[in-house]
Amino acid sequence: MTDTLLSVRDLKISFHGASGTFDAVRGVSFDLGREKLGIVGESGSGKSMTGRAIMRLTPPAAMVRAERIQLGEVNILSASEATMNDIRGRRIGLIMQDPKYSLNPVVTVGEQIAEAYRIHTRSSSAQARERAVAMLGAVQIREPERVYRMYPHEMSGGMGQRIMIAMMLVSEPEILIADEATSALDVTVRLEILNLLNDMVQKRGLGLIFISHDLNLVRRFCDRVLIMYRGRVVETLKASDLDQATHPYTRGLLDAMPRIHTPRKRLPVLTRDAAW
Amino acid sequence: MSTASKGLTAWLTTEEPNSARHATLQNIWRVWSRFASNPLGVAGLVIILLLVFVAVFVPWLAPYSPFEQNLRETLMAPNGQHLLGTDELGRDILSRILWGSRITLSIVAIVSVIVAPIGLIVGCLAGYYGGWLDTILMRVTELFLSFPSLILALAFVAALGPNLNNAIIAIALTQWPPIARLARAESLSLRNRDHISAVRLMGASSLHIVIAHIAPLCIPSVIVRITLNMAGIILTAAGLGFLGLGAQPPSPEWGAMVSTGRRFMLDSWWVGTMPGLSILFVSLAFNLVGDALRDALDPRQE
Amino acid sequence: MNTATPIIEIEDLTVTFGVDGDERRAVDGVSFSVNRGETFGLVGESGSGKSTILRAITGLVANEAKVMRLAGADIRKTRGKDFYRKVQMVFQDPYEALHPRHTVWRQLMEPARIQNIQGAEARGHAALDAVGLSRSLLWRYPHQLSGGQRQRVAIARALMSDPEILLLDEPTSALDVSVQAEILNLLCDLQDERGLTYLMVTHDLGVVAHMCKRTAVMQAGVIVETLGVDALVHGGATQEYTRKLIAASEAYGEDPHDAAQARA
């Protein structure tokens with residue numbers, strides 16, 4: 001972790017509705033290097049909204065304020081929409097939970113990957129095609145030439161997620177945001193996808209923001225973990241030090257999970273403190 | 001805002017309603033606040049309410065009788081005495097339009113009352129039961145759909161005899177199939193939802209499920225669809241009137257008025273234009289309300 | 001439980017989807033039995049047919065079986081009023097499982113109305129207390145409740161007919177971890193108080209280990225093996241697929257120290 005790819009300071013996101021103002025994110029700060037950074041939280045913690053704000057993809061009703069969201073030399077807060085379009089996909093990739101919603105159903109997956117490459121590099125279509133096939137191979141798809149011609153509905157969940165990863169990595173971004181990217185997958189498939197992501201991060205030296213609700217998964221997979229609760233980062237830890245977590249929320253989450261090997265009669269229930 | 005109305009708003013928006021009635025009123029309030037946030041929808045609603053108001057109080061509002069002829073004042077351009085001018089028999093056009101609102105409104109009301117239940121019943125039964133019942137009901141529906149609605153209405157009126165009541169029945173006959181199709185599509189997707197499965201696991205009969213669970217959930221989209229179709233209904237009624245197959249003279253039906261106005265189009269434009277504008281505004285209003293209702297009743301907003 | 005009597009007996013259950021020529025067996029010759037008061041798990045990945053078994057038992061999907069007996073009654077052909085009283089189901093997504101336009105109270109009163117239950121109001125209040133829901137939520141709609149509250153309402157609704165068997169279809173997989181703990185505890189408490197029998201479908205081995213005594217591991221419509229949870233957890237699985245499933249769950253799931261301790 002030598003250089004900082006992305007720096008976020010005091011990020012605040014709020015929604016103004018008929019029933020008053022709702023603060024989804026209330027002052028989040030972190031730096032991302034060439035590492036796997038996990039953002040963990042329950043529903044409503046603001047973890048996904050934080051990921052969206054980095055790409056400036058928050059819903060129109062959201063008010064985003066921050067002291068700084070800096071990607072290299074670009075200030076995301078004040079960048080033009082054209083700059084942002086260039087950043088999305090080329091410099092920051094986003095993988096979401098369900099690849100079905102992220103892929104165009106009437107275009108073959110290979111063409112979509114090639115298209116993503118062409119948009120950001122202005123290369124010839126032959127080059128792009130070659131590159132897309134190579135990328136399919138890189139995400140460990142057997143027979144990439146055949147899969148190139150397949151449509152999204154012909155994919156299983158695991159394969160769809162590989163395609164998404166290929167599409168996001170083909171333009172060689174600096175940062176990859178995975179928002180619950182493995183939550184819908186079966187455990188055996190999840191294992192393969194995580195190994196693949198890990199491989200990609202190591203080989204290409206990119207920064208990965210891994211947003212998830214699964215504390216156990218993040219602690220085993222990531223280098224560093226931010227634990228979010230109701231729009232705030234309550235604790236930042238090295239993943240391997242999660243057992244030394246001091247915040248009662250983190251501790252409560254850890255305790256509430258059923259364990260395979262040490263059965264307990266009852267699961268401890270998290271008591272929430274309004275002051276967190 | 002007075003303290004009383006503040007208290008009412010708080011009562012309507014509190015997170016802890018304390019009776020079934022309270023919860024229902026809150027629900028209505030939520031739909032209304034979403035509707036009210038759409039200015040075009042509100043504008044449409046104002047026009048429709050105005051139409052209702054006029055229809056109810058027209059004896060006191062209309063300056064002249066709609067039927068009284070005055071052959072000395074035929075085809076007068078709009079002036080201080082006759083705000084919208086007079087027609088070829090010297091009748092006051094404004095009064096005729098105001099009285100015509102009753103006809104328009106009754107067409108709209110009667111058609112909805114006939115169409116909504118038929119469409120809902122046919123669609124929900126076909127969608128929920130499926131199988132041969134679905135096949136039969138949908139083939140019948142498609143039979144009706146395969147003709148343009150005006151042509152079908154024309155055929156019915158020709159067979160039944162040209163008058164307003166027959167026109168209304170004819171329009172209703174052409175308007176239920178799209179509603180049935182809509183209700184069927186909704187029922188099909190509702191049929192396999194978990195909350196319907198849960199009711200089945202309580203041992204409920206299929207009929208109970210259709211009546212108490214499927215049909216009520218289809219009603220919002222049916223209401224929206226009917227409201228959006230109102231414009232079409234009004235135009236079809238006007239079309240039948242225009243062709244002389246709807247309301248018969250001297251009844252001040254707007255379509256029939258446009259039809260008469262056609263003969264004087266070149267030198268007395270107001271005779272056809274004024275009722276034409278009325279048709280335009282009212283059908284536009286129904287469309288706007290329908291659009292706003294669609295957004296307001298959409299549970300995904302919540 | 002040596003003296004226990006089976007309350008669920010399933011033998012050679014098959015569910016076929018699709019029409020002639022393009023048939024697919026979602027469940028293929030599955031047999032198991034569950035004792036009264038027991039929690040029996042059905043574990044597997046998506047498409048293994050585990051949820052389909054629950055839907056077959058309730059008659060929501062057509063099926064064939066040599067034996068299908070619940071609480072002593074043969075339910076292969078018809079399910080009487082009694083069946084719907086004794087057997088209830090809790091679904092994965094509580095928002096989907098509740099009527100979107102009914103208040104909490106009306107959700108609870110619906111089974112009472114259909115089944116003509118006497119003293120429905122008292123029972124409704126008792127069910128609310130049993131699942132730990134405050135009376136102040138009585139007149140809310142599902143969209144005004146949190147995920148955990150919704151699942152509590154769904155469980156309370158299932159309790160209205162005083163059932164003996166609850167079919168649990170991934171009852172906590174749509175919930176946050178801390179809420180999952182609350183719901184699992186609640187299910188355990190209800191079982192202790194009422195002697196309920198649970199047939200629980202899940203993909204989460206942690207949940208199975210916590211809740212169940214015995215479990216069947218499913219793959220592609222077939223039960224790969226049926227084993228005690230102790231055996232499952234402590235390396236007693238005999239089938240290749242079961243071992244693969246455990247390994248995958250442990251690789252990025254289980255608390256590493258915990259797993260290490262267990263191995264030591």
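This is a predicted model: local features need pLDDT of at least 70, side-chain atom pairs count only at pLDDT 80 or more; totals for chains, interfaces and linings use all residues.
Trainee: Which pair of chains has the most contacts?

Mentor: Chains A and C, among the 2 pairs of chains that touch. There, 31 residues of chain A meet 35 residues of chain C.

Trainee: How much area is buried between chain A and chain C?

Mentor: About 3300 Å². Carbon and sulfur atoms give 54% of that area.

Trainee: And which residues of chain A lose the most area to chain C?

Mentor: A:Arg220, A:Ile260 and A:His261. Together they make up 24% of what the chain A side buries.

Trainee: OK, now chain B. How many residues are in contact between chain C and chain B?

Mentor: 30 residues of chain C contact 29 residues of chain B. The buried area is about 2700 Å², with 56% from carbon and sulfur atoms.

Trainee: Which three residues of chain C supply more of that area than any other three?

Mentor: C:Glu96, C:Arg101 and C:Trp139. They supply 24% of the area that chain C buries against chain B.

Trainee: How far apart are the nearest C-alpha atoms of chain A and chain B?

Mentor: 8 Å. Those two chains do not touch.

Trainee: Let's go inside chain C. What is the strand order in the open sheet of 4 strands?

Mentor: The order is 2-1-4-5, and the pairing is antiparallel. Strand 2 (24–35) and strand 5 (73–74) of chain C are the edge strands, so named for pairing on one side only.

Trainee: How many bridges hold strand 4 and strand 5 of chain C?

Mentor: Strand 4 covers residues 67–70 of chain C, and 2 bridges pair it with strand 5 of chain C.

Trainee: What about the hairpin of strand 9 and strand 10 of chain C, how many residues lie between them?

Mentor: There are 2 residues between them. C:Ala220 in the turn has a positive phi of about 50°. Strand 9 (residues 214–219) and strand 10 (residues 222–228) of chain C run antiparallel, joined by 6 bridges. C:Arg214 has C:Gly228 of strand 10 as its bridge partner.

Trainee: Switching to helices. At what angle do helix 4 and helix 5 of chain C pack?

Mentor: About 125°, with the axes 10 Å apart. Helix 4 is residues 104–115 and helix 5 is residues 120–130 of chain C.

Trainee: Why are helix 4 and helix 5 of chain C called oblique?

Mentor: Roughly perpendicular ends at 115 degrees and roughly antiparallel means over 145. The angle is about 125°, so helix 4 and helix 5 of chain C are oblique to each other. Their crossing is right-handed.

Trainee: Which residues make the contact?

Mentor: Among them are C:Trp105 and C:Met109 of helix 4, and C:His125 and C:Leu128 of helix 5 of chain C. By class, the contact has 7 nonpolar, 2 polar and 1 charged residues.

Trainee: And how do helix 4 and helix 6 of chain C cross?

Mentor: At roughly 25°, with axes coming within 8 Å. Helix 6 of chain C is residues 147–159. Helix 4 and helix 6 of chain C are therefore roughly parallel. This crossing is right-handed.

Trainee: Which residues of helix 6 of chain C make that contact?

Mentor: C:Val153, C:Ala156 and C:Arg157. Helix 4 of chain C brings C:Val104, C:Gln107, C:Leu108 and C:Pro111. The contact divides into 5 nonpolar, 1 polar and 1 charged.

Conventions
Residues are numbered from 1 along each chain as its sequence is written. Chains are lettered from A and ligands numbered from 1 in the order in which they are written. Side-chain values use heavy atoms; hydrogens and water are left out. Two strands pair if DSSP finds at least two bridges between them. Axes are lines fitted to C-alpha atoms, for helices over the stretch in contact, and angles run from 0 to 180 degrees between N-to-C directions. Angles under 35 degrees count as roughly parallel, over 145 as roughly antiparallel, 65 to 115 as roughly perpendicular and the rest as oblique. A crossing is left-handed if the near helix is turned anticlockwise from the far one by less than a right angle, and right-handed if clockwise. Contact means heavy atoms within 4.5 Å. Ala, Val, Leu, Ile, Met, Phe, Trp, Tyr, Cys and Pro count as nonpolar, Asp, Glu, Lys and Arg as charged, and the others, Gly among them, as polar. Buried area is the accessible area (1.4 Å probe) that two parts lose on being put together, summed over both.
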